[in-house]
Amino acid sequence: MEAAMQWGIALILQIQAHRTPMLDDFFRQITTLGSTAHMFIVPFLIWSLSYRFGSRLLITLLLSTFVNFALKDLWSQPRPFDLDSRIGPDREIGYGIPSGHAQHTMVEWGLIANWIANPWFTALAVILIVLIGLSRIYLGVHFPTDVLAGWALAGLILLLHIRYAERIATRLASLALGVQIAAAAAVSLLFVLVYALVLQDRYLVGVAGLFFGAGSGIALCRRYLVAPEGGAWWQRLLRYVLGIVVLLTWVSQSGKWVPGTYDTSYFVIIYLINMMGGLWLTAGAPALFQVTRLVPRPG
């Protein structure tokens, strides 16, 4: 591993020797497509294109996030700029391997490409995945091996999703509502326990809350609501605009309630804030769309 990191540092320094302000701006914009962009893309899929596909993609992305955080903590590999101060000036917190940007982007766009099943779209998705991976190396926040590890894990997650997601979803749908919610709670509790007993990445608590909220919302939507599938273009657009405005408002306002110290109240509040966000994505917003008649009536 030491040899691989030294090779990675040499490669990054060679690349950064050719940095320009234009390239910096380009790759910084590209790298945001592997992070904050998820908050806009996933809701669009759930509310405006296909609730069935989008909600499953969300659950898979959350599981991917758990795996990524867990492996980062277990391997505890520093980032390139931690080992060589000449690399920069971009900085990020946390450990390096595997690259979350590379992993989650490949999971997200790989599943979308598989769903759309169009060769031209698949080619564009591959270009985007490669560019985001390269941006992490160009900016010096990941070793090339971090990106390759992220892509390898993403490939495995994609394979598992394509093979088993339909089977698992069908099985869960056949269970009682209480059992479905209990299953979401059990996975969420597992995330919290892994953090408390093994790992050190506090973001896992937020992921746990988001998973419980989203999983419970899917069960509730399936039982009591009409999923936001189909409709005229203006209905799809209004669903997204209405849903994202509420979500962004919640994110901006709820952040003010988070304590500045990492005590018990911090983790409880983080869990609840994310739980409500997940519940809004998969049940709250669909309920609002139904009330405002932005969802076509079945039959």
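Q: Which helices each supply at least two residues to the lining of the second largest pocket?
A: Those are α4, α8 (144-173), α9 (177-197) and α10. Helices here are DSSP runs (H or I, at least four residues), numbered from the N terminus. A pocket is an open set of points on a 1 Å grid over the protein atoms alone, where a 1.4 Å probe fits, with protein on both sides within 12 Å along at least five of seven lines; lining residues have an atom within 4 Å of a point.

Q: Before we go on, what kind of model is this?
A: A predicted one: local features need pLDDT of at least 70, side-chain atom pairs need 80 or more, and totals for chains, interfaces and linings use all residues. Residues count from 1 along each chain as its sequence is written, and side-chain values use heavy atoms, without hydrogens or water.

Q: Back to that pocket. Which helix gives the most to the lining?
A: α4 does, with 9 residues.

Q: What is the volume?
A: The second largest pocket holds about 820 Å³. Volume is the space filled by probe spheres set on the grid points, which are joined across faces, edges and corners.

Q: Which residues are closest to the centre?
A: Arg-56, Ile-59, Ile-168, Ala-169 and Leu-172, out of 29 lining the second largest pocket.

Q: How does that lining split by class?
A: The second largest pocket has 19 nonpolar, 6 polar and 4 charged lining residues. Nonpolar means Ala, Val, Leu, Ile, Met, Phe, Trp, Tyr, Cys and Pro; charged means Asp, Glu, Lys and Arg; the others, Gly among them, are polar.

Q: And the largest pocket: how much space is in there?
A: About 1600 Å³. It is lined by 45 residues, and nearest its centre lie Thr-65, Phe-69, Tyr-203, Val-207 and Asn-274. Two or more residues come from each of α3 (38-49), α4 (51-75), α6 (100-116), α10 (203-224), α11 (233-254) and α12 (264-291).

Q: Which of them gives the largest share of that lining?
A: α4, with 8 residues. By class, the largest pocket's lining is 20 nonpolar, 18 polar and 7 charged.

Q: New topic. How do α10 and α12 cross?
A: At roughly 25°, and their axes come within 7 Å. That angle makes α10 roughly parallel to α12. Roughly parallel means under 35 degrees, roughly antiparallel over 145, roughly perpendicular 65 to 115, and the rest is oblique.

Q: What sort of residues meet there?
A: The contact of α10 with α12 has 15 nonpolar, 9 polar and no charged residues. Contact means heavy atoms within 4.5 Å.

Q: What about α3 and α11?
A: They cross at roughly 140°, with axes coming within 9 Å. So α3 and α11 are oblique to each other.

Q: Which residues meet?
A: In α3, Met-39, Phe-40 and Trp-47 are among them; in α11, the list includes Arg-236, Tyr-240 and Leu-247. The classes are 11 nonpolar, 2 polar and 2 charged.

Q: What about Ser-76?
A: Ser-76 has a positive phi, near 50°, and it isn't a glycine. Look for Ser-76 in the loop between α4 and α5.

Conventions. Axes are lines fitted to C-alpha atoms, for helices over the stretch in contact, and angles run from 0 to 180 degrees between N-to-C directions.
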